[in-house]
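Let's take a friendly look at one protein model. Keep the picture in view as you read.

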Amino acid sequence: MGYVEEARENHVKKKVEEALRSKMKQKALKECEHYTAKYAECAAGRTLSIVWKCREQANQLNQCLHQ
């Protein structure tokens, strides 16, 4: 396989991977909508205190997204 063919194949693989990641992200956000809303509600009106005040909601959201 020549350099040009290999470059094209890698480009196609990268595009497929990007599309798959995008679909997975959309699915995860949809399935974790409840946790996203809880985190957003906690974070509303806060700045730095989000880190410690919303830690539980952030952990729940991350666990859901990683599934």
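Glu17 is partly exposed, with a relative accessibility of 42%, while Arg21 is exposed at 56%. Here buried means under 20% relative accessible area, exposed over 50%, and partly exposed in between (1.4 Å probe, protein chains only).

| Residue | Relative accessible area | Class |
|---|---|---|
| Glu17 | 42% | partly exposed |
| Arg21 | 56% | exposed |

This is a predicted model: local features need pLDDT of at least 70, side-chain atom pairs count only at pLDDT 80 or more, and totals for chains, interfaces and linings use all residues. Residues are numbered from 1 along each chain as its sequence is written, and side-chain values use heavy atoms, leaving out hydrogens and water.

Glu17 and Arg21 form a salt bridge, their closest N and O atoms lying 2.8 Å apart. The term stands for a side-chain nitrogen of Lys or Arg within 4 Å of a carboxyl oxygen of Asp or Glu. Because the two residues are four apart in helix H1, about one helical turn separates Glu17 from Arg21. A search of the whole structure finds one salt bridge.

Now for the largest pocket: which residues line it? They are Met24, Lys27, Ala28, Glu31, Cys32, Cys64, Leu65 and Gln67. Helix H1 (3-31) and helix H4 (55-66) each give two or more of them, and H1 supplies the largest share, four residues. Helices are DSSP runs (H or I, at least four residues), numbered from the N terminus. A pocket is an open set of points on a 1 Å grid over the protein atoms alone, where a 1.4 Å probe fits, with protein on both sides within 12 Å along at least five of seven lines; lining residues have an atom within 4 Å of a point.
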